[in-house]
Amino acid sequence: MLAAELRLHDVRVLVLEKETEPVSFARLVGLHIRSVELMAMRGLLDRLLDHGRQRPAGGFFAAIAKPAPEGLDSAHAYLLGIPQPVIVRLLEEHAIQLGAQVRRGCAVVDFEQDDEGVTVELADGEQLRSRYLVGCDGGPSTVRKRLGVGFPGEPSRNETLMGEMEVGVPQEEIAAKVAEIYETHKTFSLRPFGEGIYRVVVPVAGVSDRAEPPTLENFRRQLRTIAGTDFGVHSPRWLSRFGDATRLADRYRVGRVLLAGDAAHIHPPTGGQGLNLGVQDAFNLGWKLAAQIRGWAPETLLDTYQAERHPVAADVLDNTRAQMELLSTEPGPQAVRRLLTELMDFDEVNRYLIEKITAISIRYDLGEGPDLLGRRLRDLDLKQGHLYDLLHHGRGLLLDRTEHLTVGAWSDRVDYLADPTAALDAPCVLLRPDGHVAWLGDNQQDLNTHLTRWFGNPAN
C-alpha cells in the first residue's frame with residue numbers, strides 16, 4: 001500500500017520482501033469501514049469487491065453480538081471479508097502497475113543512515129542505497145531493532161492456535177458442541193470453510209516456543225482440553241499460532257528511517273483491527289514521505305505522521321486490552337461483559353464502539369476549529385460523481401461551494417472543484433490526499449495559509 005501511495009507521486013520505490021513466494025493459505029481478513037473507504041479513494045474497491053464478501057458492520061467489540069447502529073456516517077458501512085492472499089496480490093499488482101519494483105527473497109539484515117540517505121544490507125551481502133527506508137517488517141521487525149527504538153508493552157501471556165483442516169464428525173454434532181463451548185470461551189471457533197474444510201481457532205493457556213510451528217497433535221490435545229473431543233481433525237491445510245502481546249514503538253521515525261504497521265505496534269487480533277491499522281498507517285505516511293522526497297514538504301509535515309498515527313495505535317491497543325479482558329472466563333470480567341452487553345443496547349454506546357473499531361471516528365489534532373476539522377469526509381454524492389472518485393491520484397482537493405476561491409499556485413498538488421452541491425457544513429473544505437479535512441472556511445488568505453501548511457511553498 002505504501003509503495004503504491006509513493007508511486008502516485010512519481011517516487012522511485014523498491015519493495016524488499018523476505019519471503020520468496022506469497023502466502024499460500026487462504027486466511028480470511030476483514031477490511032473495516034475506514035479501510036474500505038481508502039480503497040475506494042484509490043479506485044481499488046471494485047477489484048476487492050469481486051473477491052470479497054460484504055458483512056454487517058456489527059458484533060466486533062469483544063465478539064458481543066450487537067447489530068451495527070443505523071445511519072453510520074459512511075457510504076461503505078460494511079465489513080469486507082477477503083482472503084489474505086487475494087488482497088496481498090491485488091495491492092502488489094496495483095503497486096507494480098504504478099511502477100513500483102518488488103524483489104522477493106530479499107531479507108534486510110542491517111542498515112546505516114547518514115545525512116543523505118540509507119545504506120541497506122541484504123542477507124546475501126548486497127548493499128542498496130536509498131534516500132529513505134520504511135520498515136514494514138512486522139512485529140519482530142529487524143528495522144525497528146537495528147534502529148534501537150523501544151517497543152514497550154506486555155509480552156504474550158496466552159496464545160491461540162489457528163488452522164484449516166478436515167474433521168471426522170457430522171456437522172450437527174459440531175454445531176451443538178461449538179454453541180455450548182462458546183457460552184464461556186468466546187475466542188473458540190470451529191466453522192466450515194468450504195470443500196469439507198473447517199477453520200479451527202482454539203485458545204491455549206500459556207505460551208510455547210514461537211519458533212516451533214504448531215502440529216496437528218497440538219490442535220487435537222487443546223481441542224480435547226476445551227471441548228472434550230478433538231472432532232476427529234485431520235489433513236490440515238495450514239496451521240499457525242499467535243500470541244496476545246501488546247506493544248507500541250516509542251517512535252515511528254528516526255532520521256531517514258520510519259516504521260509502519262506491525263513493526264510499530266502489535267496487539268491481539270480481537271476486533272480485527274491489525275491489518276486495517278497498518279494500511280491506514282501507509283495511507284497517512286505515503287503522501288507526506290513523497291512530499292519530503294519531491295522537495296515541497298513543509299518542514300514539519302513528515303513529523304505529523306507520528307503525531308497523528310501514534311495516538312491512534314495507542315487507542316487501538318487500549319481497546320484491544322479491554323476486549324481481551326471481556327473475553328476472559330473469570331467471573332469478574334464476565335460480570336463486566338454482561339453489563340457492557342446491556343449498555344450496548346443504547347444506540348450511543350453501540351455507535352461509539354463501532355466507530356472506534358472501524359476507525360471512522362478518528363479526528364487528528366489539527367488545532368482549534370469546527371468538529372469536522374481533522375476528521376475524514378465520507379464519500380459524498382456530488383453532481384460530478386462520487387467524492388472518492390476525485391481522490392484516485394492522491395492529491396489534495398478543494399471543494400468550493402462559493403466558487404470564489406482558488407488553489408492558485410498549488411494547482412500541481414491540489415485539485416479544485418467548484419459548486420460540489422454536496423451536504424457540507426462549510427462553504428469550502430480543503431481535503432488532504434488521505435481524505436481528512438485540513439481546513440474549512442471562505443477566506444482566500446486563510447486558505448493560502450493552510451495550503452502552505454500542508455502543501456508547502458508553491459515555489460518548491
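Cysteine 106 counts as buried, because its relative accessibility is 10% and buried means under 20% relative accessible area, with exposed over 50% and partly exposed in between (1.4 Å probe, protein chains only). The model is a predicted one: local features need pLDDT of at least 70, side-chain atom pairs count only at pLDDT 80 or more, and totals for chains, interfaces and linings use all residues. Residues are numbered from 1 along each chain as its sequence is written, and side-chain values use heavy atoms, leaving out hydrogens and water.

A search of the whole structure for disulfides (a pair of cysteine sulfur atoms within 2.5 Å) finds zero. Cysteine 106 is accordingly in no disulfide; the nearest cysteine sulfur belongs to cysteine 136 and is 15 Å away. Cysteine 428 is buried, at a relative accessible area of 0%.

Salt bridges were counted next. The rule asks for a side-chain nitrogen of Lys or Arg within 4 Å of a carboxyl oxygen of Asp or Glu. The count comes to 31. One of these salt bridges joins aspartate 73 to arginine 378, with the closest N and O atoms 3.3 Å apart. This pair links distant parts of the chain, 305 residues apart. Aspartate 73 sits in the loop between strand 3 (53-55) and strand 4 (79-83), and arginine 378 in the loop between helix 11 (347-357) and strand 19 (381-382). Helices (H or I, at least four residues) and strands (E, at least two) are DSSP runs, numbered from the N terminus. Aspartate 73 is partly exposed at 36% relative accessibility. Arginine 378 is also partly exposed, at 26%. Both belong to a network of salt bridges that links Arg34, Glu37, Asp73, Arg376 and Arg378.

A salt bridge also forms between the side chains of glutamate 164 and arginine 237 (3.9 Å, N to O). Glutamate 164 lies in strand 11 (residues 158-166) and arginine 237 in strand 14 (residues 234-243), 73 residues apart. Glutamate 164 is buried at 0% relative accessibility, whereas arginine 237 is partly exposed at 45%. Arginine 413 and aspartate 412 meet in a salt bridge at 3.5 Å, N to O. Here arginine 413 is buried at 5%, while aspartate 412 is partly exposed at 47%.

Helix 12 (residues 444-455) has 12 residues and should span 16 Å at 1.5 Å a residue. The expected span is 1.5 Å times one less than the number of residues. The end C-alpha atoms are 15 Å apart, which agrees. The buried residues of helix 12 are Leu447, His450, Leu451, Trp454 and Phe455. They cover an arc of only 110° around the axis, so they lie on the same side of helix 12. The arc is that of the directions from the helix axis to the C-beta atoms. At the start of helix 12, a side-chain oxygen of asparagine 443 reaches to within 2.9 Å of the backbone nitrogen of glutamine 445. Just after the helix, glycine 456 takes a positive phi of about 80°.

Threonine 358 is placed in the loop between helix 11 and strand 19. Threonine 358 is buried, with a relative accessible area of 1%. Apart from neighbours within four places in sequence, threonine 358 is in contact (heavy atoms within 4.5 Å) with His32, Ile33, Arg34 and Phe60. A polar atom of the threonine 358 side chain lies 2.7 Å from the backbone oxygen of isoleucine 354.

Notes: Polar contact = N/O pair within 3.5 Å; in protein donor to acceptor, adjacent residues only side chain to side chain.
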